[in-house]
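User: Can you walk me through this one? I'd like to start with the aromatic side chains.

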Amino acid sequence: MDWHLIIAAAIKIVVFVFFVTLPLVAMSVWAERRVSAAIQDRVGPNRVGPFGLLQAVADGIKFLLKEDFTPAHVRKFYFWLAPALTMVPALLTCAVLPFGSRLFGEKMVIADLDVGPLYVFAIASLTVYGIVLAGWASNSKYPFLGGVRSTSQMISYEICMGLSIVPLVMIYGDLNLGRIVHEQAQNGWALLPLWGEGLSPKGFLLALPIFVSFVIFTTSMFAETNRLPFDLPECETELVAGYHTEYSSMKFALFFLGEYAAMIIGSGLCVTLFLGGWSLPFGWLAPATIDAEVPFWHGLIHLGAFFAKVIVFILFFIVVRWTLPRFRYDQLMRLGWVFFFEIALANVVLTAILLWVLK
Amino acid sequence: MTFLFCLFAALALIGGIGVVVCRNPVSAAFSMILSFLGLASLFIQLDAFLVGTLQVLVYAGAIMVLFLFIIMLLDVQEEEKRRFPLISFAGAGAVVTAFLVLVILVLNRGGTAGRSLPVVAPSESGQSDVHRIGELLFGTYWFPVQIVGVLLLAATVGVVVLSKKELK
């Protein structure tokens, strides 16, 4: 283990987690409030800084200065542990996302693992502990019901989510996110095979199962991050505020931030898998091979392209939240187990047949 | 590297002890998750990324969630009050001691003692462990894999039938 590798990894962790993802979380909270205001014909927060952009800072200070109240009837240790357990896995999943091609000859990914999507699923499946524990440790009815709901919801949709990317993995024959993105940069994004080898009957035929995957994956992501239309674990109309009813100040904020962090990482994974990650359309500025040197300004443009796509995806999340009504719980479970699960399985078979016929 | 090994081995051991010692079932379940995470880290240190990740995904992420789900619905206070008779401690101690003696005997049996363990050769083609495991499972051992798949499917169907019996 060379020292320069450790130092490079440490710099990447600090920059990507604390200077990129966390500010993006703060900005998406601001965007959520502004967009929801626009949708509902209100103004939204516009007083702190230009366009209210510094609202996140004001919110943060408020959360830190508020009284941190711990109810007497809770199980203290787990009550304190739960918020951290929601936030930490969300940030850990950053590790395998390729944020860009290369800068200063370094790959713009913290850990270039060969099991990228599996790692994300493994760590994301730990997020459920935070919510379950919050519900259980609060030791009161509504949070508990929220915790129970969330467990069953997240387990159900994890299966759909995992199955939905199997066709993609079959087509690329690789689990390394960096190589998947490189392949898409050369031969067309998974969803839009409009250049390179993708521009052929085979490419278009294979785009069909990928589109089905994309729909299932995106919908499951809404359920995994507990966002409307699937926010039944918190569901104000039935459960007060669900699992975080008993929480106040920064501990509540951690749940809130964890949800947004999970949303950003989910968007990042979706962009990486289906929309070409950091690559530009039509193979512009694409490096010739995966190990090729990338000029500095190309690397910057690639980083910019990734974040532009992620931001568009986050806006999509926000617009959906303020457009659709909430599902009923049995409808949610039905959708997951009766429709998506079967469609995802059929999709795997369809992809296998297509790959075999088009071989 | 040795430092990391000690750290994660300690994590796995502390988790394991916690499972036995904790009276609160939720604490016990969490100790088990801790132990699984330590074990997964050890696998990853051995460059077995797939095994390590699956350890987290399947055991920590899926099976233990279901365990916790059930435990949460129990009456924890009653469970905490329960005391075990002394004889069960004695029995557990005897089993652990016997196992320890067995391990020491096996390790000291001539042949393996003092010899370094075989080094796993990195693959010639530079392929990842995922590819190699995949090729083994779906190439060399495709038939047993299919059989196991059918067995698991039968078990799943059996569980559904058993749990739906009263609704008929």
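**Aromatic pairs and surface**

Analyst: Over all chains, the structure holds 23 aromatic pairs. Keep in mind that this is a predicted model.

User: How do the rings of A:F214 and A:F313 pair?
Analyst: Edge-to-face, because their planes stand at 80 degrees, with the centres 6.3 Å apart.

User: Which helices do A:F214 and A:F313 lie in?
Analyst: A:F214 lies in helix α9 (residues 201-224) of chain A and A:F313 in helix α12 (residues 296-321) of chain A. So the pair ties together parts that are 99 residues apart in sequence.

User: What does A:F313 form with A:F316?
Analyst: An edge-to-face aromatic pair, 6.0 Å centre to centre, with 65 degrees between the planes. Both lie in helix α12 of chain A, three residues apart, about one turn of the helix.

User: Is A:F313 buried or exposed? And A:F316?
Analyst: A:F313 has a relative accessible area of 6%, so it is buried. A:F316 counts as partly exposed, because its relative accessibility is 40%.

User: Which residues do ring pairs link into a cluster?
Analyst: A:F214, A:F217, A:F222, A:F274, A:F313, A:F316 and A:F317.

User: Switching to charges. What sits over the ring of A:W80?
Analyst: The charged end of A:K251, 3.8 Å from the ring centre. Also, A:K62 lies over the face of A:F63, 5.7 Å from that ring's centre.

User: Which residues form a nonpolar patch on the surface?
Analyst: A:W3, A:I6, A:I7, A:I11, A:V14, A:V15, A:F18 and A:F19, with about 830 Å² of accessible area together. A:V14 lies in helix α1 (residues 3-39) of chain A.

User: Last one: what domains does the assignment give for chain B?
Analyst: Domain 1 (1-83) and domain 2 (128-168). Taken over C-alpha atoms, 25 Å separate the centres of domain 1 and domain 2 of chain B.

Definitions and conventions: Residues are numbered from 1 along each chain as its sequence is written. Chains are lettered from A and ligands numbered from 1 in the order in which they are written. This is a predicted model: local features need pLDDT of at least 70, side-chain atom pairs count only at pLDDT 80 or more; totals for chains, interfaces and linings use all residues. Side-chain values use heavy atoms; hydrogens and water are left out. Patches are made of residues with over 30% relative accessible area and no salt bridge: like charges are joined within 9 Å, nonpolar side chains (Val, Leu, Ile, Met, Phe, Trp, Tyr) within 5 Å. Accessible areas come from the Shrake-Rupley method with a 1.4 Å probe; for residues, only the protein chains shown count as cover. A salt bridge is a side-chain nitrogen of Lys or Arg within 4 Å of a carboxyl oxygen of Asp or Glu. Helices (H or I, at least four residues) and strands (E, at least two) are DSSP runs, numbered from the N terminus. Domain bounds come from an automatic or database domain assignment. Rings of Phe, Tyr and Trp (its six-membered ring) pair if their centres lie within 6.5 Å; planes under 30 degrees apart count as stacked, over 60 as edge-to-face and the rest as tilted. Buried means under 20% relative accessible area, exposed over 50%, partly exposed in between (1.4 Å probe, protein chains only). A charge sits over a ring if NZ of Lys or CZ of Arg is within 6 Å of the ring centre and within 35 degrees of the ring normal.
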